[in-house]
Amino acid sequence: MESYVHDAPSSESRRMAVISHLGGLAPLVGVPGFVVPLVIWLMERGKDRNAEQHALEALNFQISMGIYTFGLITLIVVLSAIVIGLLFIPVLVLLWLARFVLCVVAAVRANDGGFYRYPLTFRLV
């Protein structure tokens, strides 16, 4: 599957792509990060290739971040009994900061009509 679009995307397509990436910031208001990209991917699938590809990339990134977050929190809880787990709290904070920064970078790239591949992302969908 091709991971970028050759034609210049329309402004509506770029807007949906930007929203799908910025939707990853939804946990800041209590909504799981995968919800917005999932909804956009389901809405745009088969209609707008650009928005579909961006939403799919954002969805895979948010699922990956969820897996990493769950793993780190589990590690912190299990290892807290011997105090070592507390050393992983800064790693969790850095993961959340990276999530924020990468979502913004991807949204800017999408707004410019480009495509952004998130690092350390499982391609599950």
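A residue counts as buried here when its relative accessible area is under 20%. By that cut-off, 38% of the 125 residues of the protein chain are buried. Keep in mind that you're looking at a predicted model.

**The whole chain**
- You'll find 4 helices and 0 strands in the protein chain, and reading along the sequence gives the pattern α-α-α-α.
- The C-alpha trace spans about 55 × 30 × 20 Å along its principal axes.
- Take the contacts between residues at least 6 apart in sequence: 67% of them join residues at least 24 apart.

**Where H1 meets H2**
- The axes of H1 and helix H2 (residues 35-44) come within 7 Å of each other and cross at roughly 150°.
- Angles over 145 degrees count as roughly antiparallel, so that's the label for H1 and H2.
- Their crossing is left-handed.
- On the H1 side, the contact is made by Met16, Ile19 and Ser20, while H2 brings in Val36, Pro37, Ile40, Met43 and Glu44.
- Sorted by type, the residues of this contact come out as 6 nonpolar, 1 polar and 1 charged.

**Helix H4**
- H4 runs over residues 89-111, which makes 23 residues. From its first C-alpha to its last it reaches 33 Å, close to the 33 Å expected at 1.5 Å a residue.
- Its buried residues are Leu92, Leu95, Arg99, Leu102, Cys103, Ala106, Ala107 and Ala110.
- What do the buried residues of H4 pack against? They pack against helix H1 (11-22) and helix H3 (49-79).
- After H4 comes Gly113, with a positive phi near 90°.

Technical notes:
Residues are numbered from 1 along each chain as its sequence is written. This is a predicted model: local features need pLDDT of at least 70, side-chain atom pairs count only at pLDDT 80 or more; totals for chains, interfaces and linings use all residues. Side-chain values use heavy atoms; hydrogens and water are left out. Helices (H or I, at least four residues) and strands (E, at least two) are DSSP runs, numbered from the N terminus. The expected span of a helix is 1.5 Å times one less than its number of residues. Buried means under 20% relative accessible area, exposed over 50%, partly exposed in between (1.4 Å probe, protein chains only). Contact means heavy atoms within 4.5 Å. Axes are lines fitted to C-alpha atoms, for helices over the stretch in contact, and angles run from 0 to 180 degrees between N-to-C directions. Angles under 35 degrees count as roughly parallel, over 145 as roughly antiparallel, 65 to 115 as roughly perpendicular and the rest as oblique. A crossing is left-handed if the near helix is turned anticlockwise from the far one by less than a right angle, and right-handed if clockwise. Ala, Val, Leu, Ile, Met, Phe, Trp, Tyr, Cys and Pro count as nonpolar, Asp, Glu, Lys and Arg as charged, and the others, Gly among them, as polar.
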